[in-house]
Amino acid sequence: MGLETLISVFIIRRRRKREAMQPMNMYMVPNPGIPGYPPGLEYLTQVDQLLIKQKVELIEVLAGFESNNKFEIRNSMGQNVFYAVEENDCLTRQCCGPQRSFTIRVLDNFGQEIITVSRPLKCTSCFFPCCLQELEIQAPPGNTVGYVLQQWHPFLPKFTIENEQREPVLKLQGPFCAWSCRPDVDFEILTLDDVSIGKISKQWAGLLREVFTDSDNFGIQFPMDLDVRMKAVMIGACFLIDFMFFETTN
C-alpha cells in the first residue's frame, strides 16, 4: 500500500477503536460467516440500497491538487457500513487525471479490507473500441468475484457485468447525456433480457459542491436477493462511473 493509503487505514482503525468503546450499533456488529459467501460481504445480504458519498478534500477545493479519493458507503438509514480509499501515486493522479488506473480498497467498520477494485489504464474515447474500460472486483482480496466491461456504443454508455468465470450476468446502461449536465443521472441495471432490476444514480450534491469540487454522491439500488458478489461488483461499477463521467480535473 502507498503511504497515503496506510495513513488512511490507520486513521480508520483508530476511529473504529474509539467507537468500540461506546455502545455498539447493529450495523457495526461483525456478521457471522455464511457458507458460500465471500467473508466480509455478509452484511450485503441484508440491504437492497447503498449510498456512496465521496469526501470533500480541502486541498482539491483550494489548490486543484488531485488527491486520492475517499468514500463513505452508507445504508439507507445513513449509517456508515464500509469505507473506501483510492490507492495511487501523486504522478499518476496529476498527469492522468480521471483517466488514471487505480486500486480502491473497501474496508469494513473494523478496518479490514473486504473488497479490492482494480482499474487498468485504458482509453476512454468512443473512437477506440479496441481499448475500452475494464474493472476487476475481488472479495476478499485475491478472490475475483466479477468484472465490469465497457461495451462500445457511439452514443450511450453501456457495460456488461460478468461473474468470476467471465460469463455475462447483467448489463448496465446510462443515458445519452451521462455527464454533469443533468441534476440526477441514472444508470439502469438490466438483466440480459433488458429488464430493469435496479440502478446506480449520480445524485445532485448542490451548486457549490458541483461547481467547485469533484466530490459526488451516488445511490445504488438492487434486488435484496441479488448475489452478494454482484452487489460488490455494483459498488465497483459505481466507482468506474464516477471516474469516467463525473471526476473532473480542477
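These legends accompany a set of close-up views of a predicted model.

**View 1. The rings of Y43 and F82 meet edge-to-face.** Welcome to one of the 6 aromatic pairs that the structure holds. The ring centres of Y43 and F82 are 6.5 Å apart and the planes stand at 90°, so this pair counts as edge-to-face. Y43 comes from the loop between α1 (3–20) and β1 (49–54), while F82 belongs to strand β3 (residues 80–87); the pair therefore ties together parts that are 39 residues apart in sequence. Both residues, Y43 and F82, are buried.

**View 2. F71 and F239 form a tilted aromatic pair.** Here the distance is 4.8 Å centre to centre, with 40° between the planes. Take a moment to trace the chain: F71 sits in strand β2 (residues 70–74) and F239 in helix α5 (residues 228–246), so their pairing ties together parts that are 168 residues apart in sequence.

**View 3. Helix α5 is largely enclosed by the rest of the structure.** Of the 19 residues of α5, 18 are buried, which is why the helix is described this way. How far apart are the end C-alpha atoms of α5? They are 26 Å apart, and this agrees with the 27 Å that 19 residues should span at 1.5 Å a residue. Look also at the start of α5, where a side-chain oxygen of D227 comes to within 2.8 Å of the backbone nitrogen of R229.

**View 4. Four phenylalanines make a cluster of rings.** Which residues take part in this cluster? Ring pairs link F187, F218, F245 and F246.

**View 5. R166 lies over the face of Y147.**

**View 6. N80 and R74 are joined through their side chains.** The link between N80 and R74 is a polar contact of 3.1 Å. N80 has its place in strand β3, the strand that also holds F82 from the opening view. With a relative accessibility of 17%, N80 falls under the 20% cut-off and so counts as buried.

Definitions and conventions: Residues numbered from 1 in each chain as written. Predicted model: local features only at pLDDT ≥ 70, side-chain atom pairs only at ≥ 80, totals over all residues. Heavy atoms only, no water. Phe/Tyr/Trp six-rings, centres within 6.5 Å; stacked < 30°, edge-to-face > 60°. Helix = DSSP H or I, 4+ residues; strand = E, 2+ residues; numbered from the N terminus. Buried < 20%, exposed > 50% of the residue type's maximum accessible area, 1.4 Å probe, protein only. Lys NZ or Arg CZ within 6 Å of the ring centre and 35° of its normal. Polar contact = N/O pair within 3.5 Å; in protein donor to acceptor, adjacent residues only side chain to side chain. Expected span 1.5 Å × (residues − 1).
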